Amino acid sequence: MLKLKTYWLPIVALTTSLLVGCASSPDTRLYVLSAQTSGQVANWGQNGPNVLVGPVNVPGHIKRSEIVYRASNNLITLNEYDRWAESINQNISEVLSENLTNLLASNSVYTEKSNFLTRPDVIIRVDVNSFGLVENQQVVLQASWEIEDRRNGSTELKTQRFQVTPQGEDAPAVVAAMSTAIKQLSEILAQQLAGPQVSSPS
């Protein structure tokens, strides 16, 4: 009997410690980027071109469920409990679409997931090269994009870096700053779309 008790006690202790560890694990927090706009660049209404936002491409190290933080040029860190509620590239596409809808007062801005059957007049393709908190100081969005106007066969390419200072280093502050960076990108896109290249017909 003494041997049997000695044999089982470590297993009971290990099981108890595992249960305690599981019980004390923090809950996973899910985040999404949010649309942000200020002012209006144009008033397209129903007369503007049909604009398709997408695809939006992001690097593999960003396209994951955990929110990515860049500690240095060669080191990224992840928080297991701070995660995206949906695919980050799809979330960016949706927020860009909503921002452009508001900035252009348009009824015809949509994403690849939208049930929109009309052939697009304008396609916006975005490559996100860098996106996230860098060295706990700035949220950086480095993006390249292409605006293809199928009505006249023109294509415009541009690359720009956006920086936003978050109000803190926790995930809610970082995600809010990331949303602001997407807002800044949206404003540049709206200005390009409202220009002579893709202006609505008179």
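Biologist: Why is H3 described as largely enclosed by the rest of the structure?

Modeller: This is a predicted model, in which local features need pLDDT of at least 70 and side-chain atom pairs count only at pLDDT 80 or more, while totals for chains, interfaces and linings use all residues. Residues are numbered from 1 along each chain as its sequence is written, and side-chain values use heavy atoms, with hydrogens and water left out. Buried means under 20% relative accessible area, with a 1.4 Å probe and protein chains only. In H3, 17 of the 23 residues are buried, so the helix is largely enclosed. Helices (H or I, at least four residues) and strands (E, at least two) are DSSP runs, numbered from the N terminus.

Biologist: What does H3 reach from its first C-alpha to its last?

Modeller: The expected span of a helix is 1.5 Å times one less than its number of residues. H3, residues 171-193, reaches 33 Å, close to the 33 Å expected.

Biologist: How many cavities of 30 Å³ or more does the structure hold?

Modeller: Rolling a probe the size of a water molecule over the atoms shows where empty space is left. A cavity is a set of points, on a 1 Å grid over the protein atoms alone, where a 1.4 Å probe fits but cannot get out; lining residues have an atom within 4 Å of a point. Grid points are joined across faces, edges and corners, and a volume is the space filled by probe spheres set on the points. The structure holds two such cavities.

Biologist: Which strand supplies the largest share of the lining of the largest cavity?

Modeller: E6 does, with five residues. The lining includes Tyr69, Arg70 and Val134. E3 (66-70) and E6 (122-134) each supply at least two residues.

Biologist: Which strand gives the most to the lining of the second largest cavity?

Modeller: E3 does, with three residues. Among the lining residues are Glu66, Trp84 and Met178.

Biologist: How many bridges join E3 to E4?

Modeller: Two strands pair if DSSP finds at least two bridges between them. Four bridges join E3 to E4 (residues 76-84), and the two run antiparallel. They form a hairpin with five residues between them, and Tyr69 has Thr77 in E4 as its bridge partner. E3 also pairs with E6, in the parallel sense, over two bridges, and Arg70 stands opposite Val134 in E6. Four of the five residues of E3 are buried.

Notes:
Buried < 20%, exposed > 50% of the residue type's maximum accessible area, 1.4 Å probe, protein only. 1 Å grid on protein atoms, 1.4 Å probe; cavity = no way out; pocket = protein on both sides within 12 Å on 5 of 7 lines; lining within 4 Å.
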